[in-house]
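The sequence and the coordinates are shown first.

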Amino acid sequence: MTRSHATPAPVRNEADEPSSEVLRFDATQGLELDCGVVLAPWRIAYQTYGTLNADRSNAILLCHALTGDQHVANVNPVTGRPGWWETMVGPGKPYDTDRFFVICANVLGSCLGTSGPASRDGEGGKARGLEFPVVTVRDMVRAQARLVDHLGIETLFCVAGGSMGGMQVLQWAASYPERVFSAMPIAAAAKHSAQNIAFHEVGRQAVMADPEWHAGRYLELGTRPEKGLAVARMAAHITYLSQPALHRKFGRNFQDRTAPTFSFDADFEVESYLRYQGRSFVERFDANSYLYLTRSMDYFDLAADYDGVLAKAFKGTKTRFCVVSFTSDWLFPTSDSRAIVHALNAAGGSVSFVEIETDKGHDAFLLDVPELLETTRGFIDAAARARGLAPVKKADRA
Amino acid sequence: MSAAFLSDGQSAARVDLLQVAEMVEPGSRVLDVGCGDGSLLRLLAEGRGVDARGMELSQAGVNECVAKGLSVIQGDADTDLAYYPDGAFDYVILSQTLQATRQPRVVVEHMLRIGRRAIVSFPNFGHWRIRLQILFSGRMPVTQNLSYSWYETPNIHFCTIADFVALCGEMDAKIERSTALDRFGHPVRFAMPWSFWNLFGEQAVFVLSRK
């Protein structure tokens with residue numbers, strides 16, 4: 001991290017001129033936010049895969065996690081790596097793009113083209129920085145609903161996502177029950193726990209303690225709080241894994257050496273790995289966006305909008321739910337998913353619930369976990385039958 | 001924990017499931033508690049157009065069900081029935097699972113609260129073969145249908161048909177229908193007093209409702 005502090009070109013370009021589709025709303029088409037501000041003008045960047053059928057009944061909205069983006073199943077324009085959910089999305093995959101029209105939008109407050117602190121779509125074409133209003137998960141969902149309106153889709157066949165994406169799924173099901181035929185909140189929770197808020201606060205403090213943060217005005221000054229953001233990512237990354245997975249991967253192995261150096265160099269493989277994670281993250285993500293998005297998760301408490309009773313959020317729901325958790329996920333533990341299931345039971349909802357055995361921790365939802373693929377395939381196929389969507393004929397496969 | 005008393009290989013001949021399925025009105029809403037691999041749910045959903053949901057203790061069973069497209073949650077009959085509201089289902093089914101619950105009475109009471117009707121099937125510990133085994137060998141019975149030894153059995157609360165009828169009385173539940181099944185799961189064809197069924201029925205199926 002001794003490189004220049006100037007923002008590398010790719011991040012800025014994607015924040016301002018994303019390589020995906022963009023839907024723009026002018027000053028008269030503002031987005032009402034929970035904080036009371038009407039955001040205008042604003043824009044939402046999104047990707048689609050597959051074809052919308054004539055009935056407009058085969059659309060799946062995928063919601064990305066904290067530092068994810070709209071590039072679900074194509075090469076990421078910033079990192080050059082495969083899309084973040086290519087295990088799940090594509091021809092013949094559980095979210096089969098030969099059969100479904102898959103949509104994913106960059107969330108409000110992020111930095112890949114949708115309005116956020118780094119996008120230069122405010123007054124005078126400047127990045128809004130901390131003048132960008134604090135957004136909530138519900139605001140993200142409102143923004144997505146405007147996109148779905150624009151695409152002419154009344155009811156989404158499925159809304160799915162993991163972690164913060166799962167929070168959006170729950171918010172969709174609560175805010176627009178009639179527009180969500182099926183829902184898959186994966187490794188998610190109906191509220192962010194005190195422990196998770198605490199971890200996020202550590203990350204934010206790391207960013208804000210970096211002198212290059214300049215009270216959020218670093219973009220104007222042509223600099224970037226790289227060190228702070230890297231530390232935030234390092235701390236967060238640990239929470240996405242599990243003790244057994246870290247041990248399996250690294251143990252107490254030394255990095256390119258056979259004995260400790262009696263210094264604070266990265267003696268251990270695990271240190272080197274985390275430093276790499278921090279370094280590569282700052283190349284693709286905006287520090288202020290990180291503050292905003294962690295905040296939106298902290299504020300998420302679905303039951304709070306319904307007299308503190310989660311079941312009321314799902315009262316009378318006809319949506320078919322499939323809740324998924326992972327045994328080694330201590331960030332969004334199974335008990336969080338079970339609370340969602342109990343609320344859906346109490347609301348008389350249709351719900352499946354699978355806890356998948358894995359040592360991969362919270363990140364399991366992004367990885368090639370066969371049981372996740374089978375569960376998703378089974379649930380989606382059954383929901384498609386119930387929705388009257390014909391299976392893909394072999395001859396129609398690309 | 002479904003069909004906990006059945007040994008491996010026997011589930012193929014689940015005539016008792018067909019018996020239970022026949023007692024369910026087509027098109028109704030059903031919760032199958034201890035649904036195992038989802039055989040009964042499939043019978044109900046595909047054969048009788050039922051809105052069928054399941055609860056299963058074993059994660060492997062749940063994952064198998066969901067991968068088949070069935071609506072099933074991982075849960076424990078002893079603790080998780082409490083989360084369902086009154087009258088949420090037309091039928092709540094407990095098939096060959098009662099004897100493996102920690103609190104059978106509480107479970108059946110929840111079933112009667114959640115469903116308009118409760119269907120309970122269980123192995124009859126009053127069957128003559130079992131009585132004879134205890135009488136002559138002095139050992140805990142192990143039969144073809146009850147194949148576990150006492151030290152490894154998941155079945156911790158066996159009862160006889162007579163015991164169950166008495167429990168229904170104590171709970172003030174109405175017995176709407178009842179059938180005793182022979183060792184192959186076929187109904188014992190004649191109407192007989194409880195004492196006869198208690199001796200010759202290997203399994204029993206009861207349909208209960210609140211009075």
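Is Ala187(A) buried or exposed? Ala187(A) is buried, since 30 other C-beta atoms lie within 10 Å; a residue counts as buried with 20 or more other C-beta atoms within 10 Å of its own, as exposed with 12 or fewer, and as partly exposed in between, the C-beta atoms being placed from the backbone.

The model is predicted: local features need pLDDT of at least 70, side-chain atom pairs count only at pLDDT 80 or more, and totals for chains, interfaces and linings use all residues. Residues are numbered from 1 along each chain as its sequence is written, while chains are lettered from A and ligands numbered from 1 in the order in which they are written.

**Backbone of chain A**

Helices (H or I, at least four residues) and strands (E, at least two) are DSSP runs numbered from the N terminus.

Elsewhere, Ala40(A) and Pro41(A) are joined by a cis peptide bond with omega of about -10 degrees. Pro41(A) belongs to the loop between β3 (38-39) and β4 (42-49) of chain A.

**Nonpolar core**

The largest nonpolar core comprises 165 residues; such a core is a set of buried Ala, Val, Leu, Ile, Met, Phe, Trp, Tyr and Cys residues joined through C-beta atoms within 7 Å. Among the residues with the most contacts inside this core are Ile60(A), Leu156(A) and Cys158(A). Beyond its neighbours within four places in sequence, Cys158(A) contacts residues including Ile60(A), Phe181(A), Met184(A) and Ile380(A), a contact requiring C-beta atoms, placed from the backbone, within 7 Å.

**Contact between the chains**

Chain A contributes 21 residues to the contact and chain B 16 residues. On the side of chain A that touches chain B, two or more residues each come from α10 (334-346), β12 (350-356) and α11 (370-387). The largest share, eight residues, is that of α11(A).

**Chain B**

Chain B has eight helices and seven strands. Its radius of gyration is 16 Å, close to the 17 Å that the globule rule gives for 211 residues, so chain B is as compact as a globular protein of that length. The radius is taken over C-alpha atoms, and the rule is 2.2 Å times the number of residues to the power 0.38. Of the 211 residues of chain B, 48% count as buried.

How values were computed:
Contact = placed C-beta atoms within 7 Å.
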